[in-house]
Structure formats: structure tokens, C-alpha cells
Amino acid sequence: MDVHIWSDVVCPWCYLGKRRFEHALALFDHRDEIRVVHRSFQLDPSRPRHQTANRREMLKSKYQLSEQQLRDMDARMEHLAEVEGLEYHLIDAGLTGNTLDAHQLLQLGKAREIQDAVIERLYRAYFTEQRSVFDRDSLVTLAVEAGLDQAEARDVLERDAYVEAVTADVLEARSLGVSGVPFFVLGGRYVVSGAQATDVFTEALTKAWEDEAITSSAERS
């Protein structure tokens, strides 16, 4: 059974949702028969490529937050991440920007069958290590650390080889009514929106698997 996950690499809820889903999957009896596919979604595709902005100022402006409100929000997010075994450094995090190039590497990771390693490396770089996921040199270094070939990763970015694939993922998300991420589609029909609690993912996996089994049985009979 396939599980498709739409996310953006600068979305703190996406990394949290990924980990909560993984905790549920680790306890799922049929976990070895689940194929996870990470799909691209950009929270702000209108941002100019190859330019960065101050993350804190962007969030304060976008959500009309005071400095203290933003610090409180980041502190709560860091605590939620810690509960799931993640290490976030948001309070003093620096930059945000267009994630198209990061998603091109995610698509390359899919083609090379190491997609999870790529997205995990990008998440950790951004949220834990405060490394750039916008600068191409930084992205190529992270791609190599995730297991991709250096020359191929750079070539993909220079040629924009996977822009169409990223766009296709975003358009499919919009056709499904997705306005925020993370967004999970299990077995092609069960949907979980947001970084829900682990037991929500456990229930969704069980229902989707049972439904898949019933459908397969009906098709064979």
C-alpha cells in the first residue's frame, strides 16, 4: 500500500508529522508492505529563487505577531519536536526562501530510491543545524551527505531537471484541495491533514489497510 506525503522542507509541522507517522508505522503489523512517497509542496512559491529573507521578520509580518508571540510560538514548537525525538532550533533561526531547488533534489532522491534519506537530511539541516536549504552549493553538499551523486545533484539544479515534477506534485495537491501541509493520503483514499497524533496515524493505517484488503479480495472474486 502506498502512502503519499505532501510537505515542504521549511515547514516545522511537516518534519513533526513525518516523525509521528513513522512512530505509528513502526508499530504497524504490515509496515514492510507500506511504500512511502514524499511529494513536493511549496508554502511560498512566489518568493524569488536564490534570494533569502529573515525568517523571524517574515513570520511576524505574515501572521501579525509580536516578537514575544513569535518567541513563544517557536518555543512551543521546539518542545513538541523534542517530545518526538527531534531537535529544533527555531528561536534564533535565520533564513527562509524559495524551496524549489530543495524539492528538485527530493525528486532526484525519488528517482534514485533514497528519497527518505534526502528529505530527512534536508529537514535536519534546516531545523537542527541551521544550514541553508536555499543555496545551491549547500544543497549539493547536503545531497551528497544523503547519498546522492555530487555531479548529478549539481547538474539537476543547473538544468532545472525536476521543475516539472515539482510543479506536477503541487498541482495535484491543489486538485485535492490541499492548502496546507503536511498532507497524507493512505491507500489512495484515506486522508490525514496536519501533524496529527501518532494514534491518529495508527488508526488511519489500519483502516486504509483493511479497505485495501477488501478491495483486492473483491477484484479477485
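Buried means under 20% relative accessible area, exposed means over 50%, and partly exposed lies in between (1.4 Å probe, protein chains only).

## Ground rules

This is a predicted model: local features need pLDDT of at least 70, side-chain atom pairs count only at pLDDT 80 or more, and totals for chains, interfaces and linings use all residues. Residues are numbered from 1 along each chain as its sequence is written, and side-chain values use heavy atoms, with hydrogens and water left out.

## Two crossing helices

Helices (H or I, at least four residues) and strands (E, at least two) are DSSP runs, numbered from the N terminus. Two packed helices are described by the angle and the distance between their axes. Here axes are lines fitted to C-alpha atoms, for helices over the stretch in contact, and angles run from 0 to 180 degrees between N-to-C directions.

Take helix H4 (residues 100–111) and helix H8 (residues 163–175). Their axes come within 9 Å and cross at roughly 95 degrees. That makes H4 roughly perpendicular to H8. Angles of 65 to 115 degrees get that name; under 35 counts as roughly parallel, over 145 as roughly antiparallel, and the rest as oblique.

Which residues meet? Leu100, His103, Gln104 and Gln107 in H4 touch Val163, Ala165, Val166 and Asp169 in H8. Contact means heavy atoms within 4.5 Å. By class, this contact has four nonpolar, three polar and one charged residues. Ala, Val, Leu, Ile, Met, Phe, Trp, Tyr, Cys and Pro count as nonpolar, Asp, Glu, Lys and Arg as charged, and the others, Gly among them, as polar.

## Salt bridges

A salt bridge is a side-chain nitrogen of Lys or Arg within 4 Å of a carboxyl oxygen of Asp or Glu. By this rule the count comes to 29. One of them joins aspartate 169 to arginine 39, with the closest N and O atoms 2.8 Å apart. This pair links distant parts of the chain: aspartate 169 sits in helix H8, arginine 39 in strand S2 (residues 35–40), 130 residues apart. Aspartate 169 is buried, at 6% relative accessible area. Arginine 39 is buried too, at 7%.

Glutamate 129 and arginine 121 also form a salt bridge (3.0 Å, N to O).

Aspartate 137 pairs with arginine 154, closest N to O 3.1 Å. This bridge links helix H6 (residues 136–146), which holds aspartate 137, with helix H7 (residues 150–159), which holds arginine 154. Aspartate 137 is partly exposed, with 46% relative accessible area. Arginine 154 is partly exposed, with 29%. Elsewhere, shared partners join Arg55, Arg56, Glu57, Lys60, Glu67 and Asp74 into one network.

## The faces of H7

Ala153, Val156 and Leu157 are the buried residues of H7. Seen down the helix axis, they fall within an arc of 95 degrees, so they line one face of H7. The arc is that of the directions from the axis to the C-beta atoms. These buried residues pack against H4 and H6. On the other side, Ala151, Glu158 and Arg159 are exposed.

Most residues other than glycine have a negative phi, and most peptide bonds are trans. Valine 181 and proline 182 are joined by a cis peptide bond, with omega about 10 degrees. Proline 182 lies in the loop between H8 and strand S5 (183–186).

Glutamine 64 has a positive phi, near 55 degrees. Its place is the loop between helix H2 (55–63) and helix H3 (67–83), and glutamine 64 is exposed at 65%. Glutamine 130 has a positive phi of about 55 degrees. Glutamine 130 lies in the loop between helix H5 (115–127) and H6, and is partly exposed at 40%.
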